Every structure is written in structure tokens, then in C-alpha cells.
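Please read the report below alongside the sequence and the model, taking the passages in the order in which they come.

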Amino acid sequence: MTGCGSGGAGGAAEGKARFDDIYDSPDPRAYFLRLAPLEYEIPQHAQPVFRQAAAERAALDDGRPGAPVVLDVCCSYGINAALLNHDVTLTDLYQRYTSRAAQAMSTAELIAWDRKFYAERRRPDAVPVYGLDVAAPAAQYALEVGLLDAAFTDNLEQHPPGPRLSRALADLGLITLTGGGSYITERTFAALLDGARRPVWVSAFVLRTVSYAPVVRALAERGLHTTVDPSRTYPQRRFTDDREQRYAITAVRALGGDPTGREDTGRFHCVRYDSRPGGRN
Ligand SMILES: C[S@@+](CC[C@H](N)C(=O)[O-])C[C@H]1O[C@@H](n2cnc3c(N)ncnc32)[C@H](O)[C@@H]1O
């Protein structure tokens, strides 16, 4: 598996650094320690966007009982759920998980510490969040500390949803995505949409090094219209080295993008895609 924002989809990210080891840990300390020097920041850019989308989706009366659920795809340790439903910033999380106090704890102690931390910072407008990630320990951690209401590890790139996820899709109202646009393809989105029973919106931050066009097409086939402002980009993280930067610049150009002022200044950049039924955005 390749690193944050890099990916496996169609070998699209072969020039990228790999961080396989930090995805499958029992807690997020290695993740934050490794990504801090690279200033991985895309979940912070997504926070206000996901909060607004979740609030608007929750306000939509779709005629079904119960609150629509947010499904964070490629949820990892529940970072987007933390930022969505709690009064915390990504900077707070970097400080917390790289702190001496955190480093000295066992995973069980960290989980207890985090449960209290997030409970104390829970926002009054918190919405239900499910997480989907093939990294079971990461998703399990997010569940145990209370960031997720349910966690799923189905790999929808390879298999249809299992019975538990299939049942859960009845609640789905909004899909969110950061850092995973190159791991998952239209297969995952199609499986989620095909199992949904309520109107589903999608809000996704995707690297400019990969094409989201197949996802846009799959969503359109299911009645969702996608909007994007390609002139508005969001930095994801610093490149690990010159070789990775050369890869990104080549990949962006191959997709018709211009790396000037963006990738050529040393960081991966994303664009934001919003998909909603019937062309409303
Ligand atoms: C770069 S991390 C992003 C984590 C988080 N969303 C963030 O922005 O901090 C990518 C995640 O995608 C997950 N992943 C890879 N392939 C997947 C798949 N087929 N389905 C679901 N998750 C997948 C990895 O396990 C990893 O946790």
C-alpha cells in the first residue's frame, strides 16, 4: 500500500513515497509522528467543508426516520470524524499524539485518555459517523475511542459489501473522503451508492495527480451531479524528496493541470469535488 494521498488505483501513484506501516497500527501515534514533518494537512482543509455538508445534509428532509449517517471512506484512525464532531483542530491532534505524555502510554491507556478527550470536546451538532477502512486496527481504534458509531473493513475494490455494511448503507446520507482518492476507485463508490436507500451526497478531496473522472461518471450514472472548482486547490503535504516531486509534476501535467505555484513549490495539492443528486450543489 502506498502513502497518504498516494495510491494503488491502477498503479497511478508509483512515484510516491510509501507509509504502509503507519496505517495498520493499533493507535495513531506513528501516523502523526511520521506525517508531522511532511505537514500533512488535508483533513484540516476538509473540516469546515465537511461540517457544512453534514449540516446541510442533516437538514434535508428525505422522508426517512433517523439522522442520515456520514460515511468517512478511508477513515484510518477517525481523523475526519474527530474534526467533524469535536472542537479540535488537526494541530491539536499533532500536538497530542506526538507529545511525550502520549509516547509514554500503552495503547490501552491512550484509548482511555482519548475517550475522555473527545467526549469533553463533542460538539452539540455532532452527527453519526461510520468509518470504512481496510486497516482494521485503525478503524477499531476510532470505534473504541468513540469517534465512529460503526466501523467497517470491507474492501469494496475487491468484493461487494458484506451483510453488516449492506445493512448500514440504509442510513447513509453523506460520503466524505480525504487522503484516499488514489486507493479507491469508482468500484467503491458504485458499491456504496448501489446499496444506499436515502439520497447520498459526496464530498471528496482528491489529489491532482490522480483522475477522479471515473468516479464522477459512476456517480452520474447513479443520478449525482459533481461540481469542482479546479482553480481552488488545497495543499495536502510536502513531498518527501525531489523524486516524488518530479513524479507529481509529471502526473499533474499528464492530467492537463499546471503545477506552477502548486506542486512546483513543494507540496501535493488536492481539488474538492462535491456531488449531489439532481445537479443541486
Ligand atoms: C492516506 S490514508 C488517509 C487517512 C485519512 N482519511 C486522512 O486523511 O488522514 C489512506 C487510507 O486509505 C485506506 N485504504 C486503502 N485502500 C482502501 C480500500 N480499498 N478501502 C478502504 N480504505 C482503504 C488505508 O488503509 C489508509 O488508512
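Asp 258 has its place in the loop between helix H12 (242–254) and strand S8 (267–277), where helices (H or I, at least four residues) and strands (E, at least two) are DSSP runs, numbered from the N terminus. This is a predicted model, in which local features need pLDDT of at least 70 and side-chain atom pairs count only at pLDDT 80 or more, while totals for chains, interfaces and linings use all residues. Residues are numbered from 1 along each chain as its sequence is written.

Asp 258 is partly exposed because 13 other C-beta atoms lie within 10 Å; a residue is buried if 20 or more other C-beta atoms, placed from the backbone, lie within 10 Å of its own, exposed if 12 or fewer, and partly exposed in between. Leu 33, found in helix H2 (residues 29–35), is likewise partly exposed, with 15 other C-beta atoms within 10 Å. The table sets out a C-alpha to C-alpha distance for each of these two residues.

| Pair | Apart in sequence | Apart in space, C-alpha to C-alpha |
|---|---|---|
| Asp 258 and Ala 220 | 38 residues | 26 Å |
| Leu 33 and Val 216 | 183 residues | 34 Å |

Helix H10 (residues 186–195) and helix H11 (residues 213–221) pack at an angle of about 20°, with their axes 9 Å apart; axes are lines fitted to C-alpha atoms, for helices over the stretch in contact, and angles run from 0 to 180 degrees between N-to-C directions. H10 and H11 are therefore roughly parallel to each other, a term for angles under 35 degrees, whereas those over 145 count as roughly antiparallel, 65 to 115 as roughly perpendicular and the rest as oblique. In this contact, Glu 186, Phe 189, Ala 190 and Leu 193 of H10 meet Pro 214, Val 215, Arg 217, Ala 218 and Leu 219 of H11, contact being counted when two C-beta atoms, placed from the backbone, lie within 7 Å. Within H10, the residues Thr 188, Phe 189, Ala 191, Leu 192 and Leu 193 are buried, and the buried residues of H10 pack against strand S1 (69–73), strand S4 (172–177) and H11.

In helix H8 (residues 136–144), the buried residues are Ala 138, Ala 139, Tyr 141 and Ala 142. Seen down the axis of H8, these buried residues fall within an arc of 155°, so they line one face of the helix; the arc is that of the directions from the helix axis to the C-beta atoms. The cover over the buried residues of H8 includes helix H1 (20–23), helix H4 (79–85), helix H7 (107–120), strand S2 (129–132) and strand S3 (150–152). After H8 comes Gly 146, with a positive phi near 95°.
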